[in-house]
Amino acid sequence: MRPPSFIFIHCLSSLLIVDAFLARRHEGHFAIHGPARDLRATSRFMTTDSSAALPSVGQLSNDPFMQQVQYGADLALAMMESPPAQSDGAQVEELIAAQLSHSDGIRGFFVSYLTIQGDDTAADQQEVPTPLQKAMKKANLDELVPLACMNVVMPTAMKTMHEDEELQVQSSITANRGIKILANLATLDAMVKVNCDAILAVAEMEADAATTDDGKIKYWIDFFNKWGYKDAQKNDIAAAIKEVLSMIQ
């Protein structure tokens, strides 16, 4: 299981709501040529006492975004190394909950969780890992829900906006992982369906900013316009959101 390639994180800088300033600030600085390294070679999660290698609650609660990306990689690996039935599964849950308590932590965790390369990562299991499911129940849902929606919308759109075939494939994988997270979140917060209904209305062009009074629909109209989504992207987004809705209804 390898960490998200930094060129891919750059392409996905907006995906996890790394704002336009951050995307411009890091322009060109994420492009490392060659394959991404194995997560075990880059993660701090490598000592005999694996729990000692994990970040602390304080670090997860307070450190800035770029550090949170590394923490997300550490915790994604820890979920695979620590079966939920064991005591350290509870520790991983506590640590993820701390990371998901604020915006930088949420963005940092999901940059790693959703984009780590491999086909048997924590994000590729049939169900969302139990420590993450439990941690999301304690998360800042006002921050997490819209981000989770964007983590479906943006990589789905990038499937047709990327010209590079590898990035198209990676975007598709990221979108599928994001769909699983969003459907799980729907059991925790009714605003998931509210946002999905609004996104679908915009993607299917059933809503107009000039005539709607729905704040959520206006938000997503502005979002689609900001990123320049055309018919191809809207069609793919509509299909992805319908998949989410089919999983929660």
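1. The chain contains 14 helices and zero strands, where helices (H or I, at least four residues) and strands (E, at least two) are DSSP runs numbered from the N terminus. Read from the N terminus, the order of elements is α-α-α-α-α-α-α-α-α-α-α-α-α-α.

2. Some conventions apply throughout. This is a predicted model, in which local features need pLDDT of at least 70 and side-chain atom pairs count only at pLDDT 80 or more, while totals for chains, interfaces and linings use all residues. Residues are numbered from 1 along each chain as its sequence is written, and side-chain values use heavy atoms, with hydrogens and water left out.

3. Of the 249 residues in the chain, 49% are buried; buried means under 20% relative accessible area, exposed over 50%, and partly exposed in between (1.4 Å probe, protein chains only). Contact means heavy atoms within 4.5 Å. Among contacts between residues at least 6 apart in sequence, 74% join residues at least 24 apart.

4. The largest nonpolar core has 61 residues. Such a core is a set of buried Ala, Val, Leu, Ile, Met, Phe, Trp, Tyr and Cys residues joined through side-chain atoms within 4.5 Å. The members that touch the most other members are Leu100, Phe110, Tyr113, Leu132, Trp220 and Phe224. Helix H10 (residues 141–161) gives the most to this core, namely 11 residues.

5. Terms for helix packing. Two packed helices are described by the angle between their axes and the distance between the axes. Axes are lines fitted to C-alpha atoms, for helices over the stretch in contact, and angles run from 0 to 180 degrees between N-to-C directions. Angles under 35 degrees count as roughly parallel, over 145 as roughly antiparallel, 65 to 115 as roughly perpendicular, and the rest as oblique. A crossing is left-handed if the near helix is turned anticlockwise from the far one by less than a right angle, and right-handed if clockwise.

6. H8 against H10. Helix H8 (residues 103–115) packs on H10 at an angle of about 30°, with the axes 10 Å apart; the two helices are therefore roughly parallel to each other. Their crossing is right-handed. On the H8 side the contact is made by Ser103, Ile106, Arg107, Phe110 and Leu114, and on the H10 side by Glu143, Leu144, Leu147 and Asn151. Phe110 is also among the core residues named in point 4.

7. H10 against H12. These helices pack at about 40° with their axes 10 Å apart, and are therefore oblique to each other. H10 passes H12 in a right-handed crossing. Val145, Cys149 and Val153 of H10 meet Met191, Val192, Asn195 and Ile199 of H12.

8. Val192 lies in H12 (residues 191–203) and is buried, at 0% relative accessibility. Not counting residues up to four places away in sequence, Val192 touches Val145, Leu182, Leu185 and Ala186. Ile248 is 56 residues from Val192 in sequence, and their C-alpha atoms are 9.7 Å apart.

9. H9 against H11. The axes of H9 (residues 130–137) and H11 (residues 165–185) come within 11 Å and cross at roughly 50°; H9 and H11 are therefore oblique to each other. Leu132, Gln133 and Met136 of H9 form the contact with Ile181, Asn184 and Leu185 of H11. This crossing of H9 and H11 is right-handed.

10. Asn184 is located in H11 and counts as buried, with a relative accessible area of 16%. Leaving aside neighbours within four places in sequence, the contacts of Asn184 are Val128, Gln133 and Met136.

11. Cysteines. How many disulfides are there? The count comes to zero, a disulfide being a pair of cysteine sulfur atoms within 2.5 Å. The sulfur of Cys149 is 5.0 Å from the closest cysteine sulfur, that of Cys196, which is too far for a bond. Cys149 is buried, with a relative accessible area of 0%, and Cys196 is also buried, with a relative accessible area of 0%.

12. Ala232, in helix H14 (residues 231–248), is partly exposed at 40% relative accessibility. Ala232 and Ala157 are 75 residues apart in sequence, yet 8.1 Å apart in space, C-alpha to C-alpha.
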